[in-house]
Every structure is written in structure tokens, then in C-alpha cells.
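This report examines a two-chain complex by way of its folds, its interface and a few selected residues. The sequence and the structure are shown first.

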Amino acid sequence: MKQKRKAVALISGGLDSMLAVKVIQEQGILVEGINFFTGFCVEGHTHAVRKKHKDKQKRNNALWVAEQLGIKLHIVDVVDEYKDILLNPVHGYGKNVNPCLDCKTFMVKKAVQWIKEHDFDFIITGEVVGQRPMSQRRETMPVVAKESGGDDLLVRPLCARQLPETLPEREGWLDRDRLYDFSGRTRKPQMALAQQFGFKDYAQPAGGCCMLTDENYAIKLQDMWHNRPSRNYELDDIIMLKMGRHFRLAPYLKLIIGREEGENRFMQGYKNQFMSIFPTSHPGALCLVDGEFKTDQEKQQALALVARYSQGKNAAQVTLTIRQSDGTEQNFTIAPMAPENINREWII
Amino acid sequence: MSNELHYVDARRLLCPLPVIRAQDAVAQLKTGDKVVVTSTDPGVKADIPAWCRINGHEVIDIKEQDNEIIITLCVNHKE
């Protein structure tokens, strides 16, 4: 009896990996999915927390894709291992702080390790030649294959015919003629293939699914690195960069002011890690203080700013509480900061 | 078949971490064991059942109390 071959697919939750899996399933291969959680995935945090996204379905797209395809999905926490990729990328960063080439290499390398441990035959990804400016260029795709150790076990079904033959094709596990030759940034071939497969609903995240490609997020991350003795980070640090308005009052002092009820509620969970400020005379935002006040002026500025983002912003005075992370509290009454007095240089 | 009860505290974690914590716990357990996952991220209401459907496990109960979502699932490692 002919042995059923097994492939593991890197599943991001987007259309390309969904199509890549389907193309391979159509050739009788058993496919399972693997999804790496780096901490920088766009979905999840923000949508889960922010009330303004309440109309968006709170679904994990990788799980959803796996369910549509009828495949198992293994979600792997790589937050700690990923730090080295982000902090020391051999191939550098893209437009923002996105180490895409190192990232893709890392993920394929992890998949190589996974197929060895689970007795799978090869790896598939939804990559397309020329689709992305860093990791999906004709010159860089072989780099990923080589440096990851994936070599000819790495199949990119959507553009395989643009690339050298892989082992599964040579061995006859896959029919090269039934793989595709997509290239470039156009999405039309993918849309057509999706229609052919009957996929009507799929995620199309603008700019990819990684916060590191987002300019605003990159600015906040670089600010954090610049103002700390070390660039090392914890998961809480990178989640907090997605929350609230950020004001850098001094190299040692940053305020994070919640933008809405959902964020305020989420940030409440950090009150025992950070000093916090919240209005008591009016409803308003919670502020987490990342750092310390070294002068009374800084404390007054912080209080006035938080008052400004409360519903007492037009009142003569607002009463606020400063709560230390150990739970001790002190009350203050202050006039909200006038918008023209907010130093633009504070805003990150 | 085993029938032990296990607990996963995924409070304050945002998806997909509660799913990962549940997945890692389930990997260590036997068919028939039950896992109670407590989370504060409403995303788990969609994600943990989806993960269970994909991987063949069964969600027995989902309840909410005091801003926490408590999901009980039954492990099934059968192919």
C-alpha cells in the first residue's frame, strides 16, 4: 500500500497559507498546521481588548482557517525564543522593526525541528515570489530554505513552479504540474484560486499580520528601547505598547492613558505592577505610570494630563488618586491640562 | 479511561495564550480527563471551542462569572 505522506503547514491565518494547504490536500497529502505565537501578532490583543472593535469577530484566524480546512493546528509559544530574532536580526530590519527574513527563517527552522519530532515528510508555506519586499523576494526565498535547514523539504505550493524542484516533487509525492506559479504583489491569482476552492470568507490583513510592520507600533517599541538600559523585553512590555495613548515626559517616565473602557479594564490588571493614576471626581481614563516622578513638576503634569482625558476635562478642577503598586493611595486636585499645553514632543 | 480534573489559570492572558496553555495541559493528560480553563479574555469563547473542534476534544461547559470565563473541556486523544 502506498504510504500517505504528511506535511506541516505554517498557518498565519491569512489567505495564502489557506490556499497552500488546500493545494497540497488536493494531492492526497495529510496536512497539519503550525502557528507560532511571537507576541507581535496583530489579532488577539487589540481586538479582544478594545471596545471599538466589538463588531469584529473575536476569532483567531489561524484556528478558523484550520477548521475550514479540516486540519489539526498546533499553536506554539515562541515569545522567549523570538527575542533573539527581533533584537539581533542577521539580515536586519525592514521598513519598521520587522526582521522578516530572520523571522521566516526562524519559523521554518522550528517547523523542520517539528517534522523530525513528529515524523512528518515536508513543510509548506503560503509564500509567493515577489509578494513581500523582504522575505518573499526571488533572491531571499532560497536564503530562507538554506539557513532554516528546510532546503528541498520546503515547498511553496503557490509559486513552486517558479522555484527549483523540491524533494516531494522529485519523489513523486507531489505533482509539480498541479502546483502554481504565482508571483508579484497582485492578489488576483489568489482571489481566483480562492473562488475556485469555494473560499468566500478569509482574512486579508492590510500590511500583514505582525505589529512589527506597523509604523506607530515600531515608534513606541523604539522609544522603549531607547529609554531603557537594555533592549530586552517581556511579553507584558510588548502588549502594553498596543494599549492606550503613550506620553514620554522624561527618559525615565512614560504615561500610558487608556483610550476607552475596554483598555481601562484590561489595564486595571497591571495596577499591582505599575504606579497608576485615575480620576475620582469624574469618570475617566486609567493611567499606568511606567517609571517614576523625579520632580513635583512631572507629577503635576501627569495629573493634569490624566485629568484632561477624563470627563472632567472642561471642569475647573478634577480630583485624582495616585496609587502606588503596593496599594498605597494619595489624592490630588488639579486643573485639567489645556490642549495647547500638551507638549507635542511627549506624544509617542 | 482516566477521569481526573485539572485546572489552567489563564487569567490576564490574551488569546491565543489561553489556548496555548490549554493545549499544553491537554498534551500531558489522558483521554477522559477534564480541564477547567479560567480566562479573562472574551476571545476564548470562540477560540477554545474552535481549538477543541479541530483537535477532537469536547467542550462540556462554558460559564461566565465576575468577568471570568470558565470553560470545561474533556480530553480525547483518539484519532
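What percentage of the contacts in chain A with a separation of 6 or more is accounted for by residues 24 or more positions apart? The share is 66%. The model discussed here is predicted, and the values below were computed from it.

## Confidence of the model

The predictor assigns the complex an ipTM of 0.91 and a pTM of 0.89. For chain B, the average pLDDT is 92, and 97% of the residues reach a score of at least 70.

Within chain B, confidence is highest in strand 2 (residues 34-39), with a mean of 97. Helix 2 (residues 44-55) of chain B is where confidence is lowest, at a mean of 94.

## Chain A

Chain A contains twelve helices and eleven strands. Along the principal axes, its C-alpha atoms fill a box of roughly 80 × 40 × 35 Å. Of its 348 residues, 44% count as buried.

Helix 1 (residues 15-25) of chain A is mostly covered, with ten of its eleven residues buried. The buried positions include A:Leu15, A:Met18, A:Leu19, A:Val21 and A:Val23, and among them are also A:Asp16 and A:Lys22. The elements covering these buried residues include strand 1 (6-10), strand 2 (30-37) and strand 4 (122-124) of chain A. Helix 3 and helix 8 (188-197) of chain A are also included in that cover.

## A buried lysine in chain A

A:Lys220 lies in helix 9 (residues 215-226) of chain A. Is this residue buried or exposed? A:Lys220 counts as buried because it has 20 C-beta neighbours inside 10 Å, and 20 is the number at which a residue is classed as buried.

Leaving out residues up to four places away in sequence, A:Lys220 touches A:Leu241, A:His246 and A:Ile348. Another lysine, A:Lys109, is 111 residues away from A:Lys220 along the chain, and the C-alpha atoms of the two are separated by 29 Å.

## Chain B

Chain B has two helices and four strands, which follow the pattern β-α-β-α-β-β when read along the sequence. Its C-alpha trace spans about 35 × 20 × 20 Å along the principal axes. A compact globule of 79 residues would have a radius of gyration near 12 Å, so the 11 Å of chain B agrees with that expectation.

Buried residues make up 38% of the 79 in chain B. Among its contacts between residues at least 6 apart in sequence, 62% join residues at least 24 apart.

One position in a loop of chain B is B:Gly56, located between helix 2 and strand 3 (58-65). B:Gly56 is classed as partly exposed because 13 other C-beta atoms lie within 10 Å. Apart from neighbours within four places in sequence, B:Gly56 is in contact with B:Asn76 and B:Lys78. The C-alpha atoms of B:Gly56 and B:His77 are 7.3 Å apart, although 21 residues separate the two along the chain.

## The interface

Where the chains meet, 17 residues of chain B and 17 residues of chain A take part in the contact. On the chain B side, helix 1 (17-27) and helix 2 each supply at least two residues.

How is a pair of packed helices described? Helix 3 (residues 61-69) of chain A and helix 2 of chain B have axes that come within 10 Å and cross at roughly 35°. Their crossing is left-handed.

Helix 3 of chain A brings A:Leu63, A:Trp64, A:Ala66 and A:Glu67 to this contact, while helix 2 of chain B brings B:Asp47, B:Ala50, B:Trp51, B:Arg53 and B:Ile54. The residues of this helix pair divide into six nonpolar and three charged, with no polar residue.

Terms used
Residues are numbered from 1 along each chain as its sequence is written. Chains are lettered from A and ligands numbered from 1 in the order in which they are written. This is a predicted model: local features need pLDDT of at least 70, side-chain atom pairs count only at pLDDT 80 or more; totals for chains, interfaces and linings use all residues. pLDDT is the predictor's confidence in each residue, from 0 to 100. The radius of gyration is taken over C-alpha atoms; the globule rule is 2.2 Å times the number of residues to the power 0.38. A residue is buried if 20 or more other C-beta atoms lie within 10 Å of its own, exposed if 12 or fewer, and partly exposed in between; C-beta atoms are placed from the backbone. Two residues are in contact if their C-beta atoms, placed from the backbone, lie within 7 Å. Axes are lines fitted to C-alpha atoms, for helices over the stretch in contact, and angles run from 0 to 180 degrees between N-to-C directions. A crossing is left-handed if the near helix is turned anticlockwise from the far one by less than a right angle, and right-handed if clockwise. Ala, Val, Leu, Ile, Met, Phe, Trp, Tyr, Cys and Pro count as nonpolar, Asp, Glu, Lys and Arg as charged, and the others, Gly among them, as polar.
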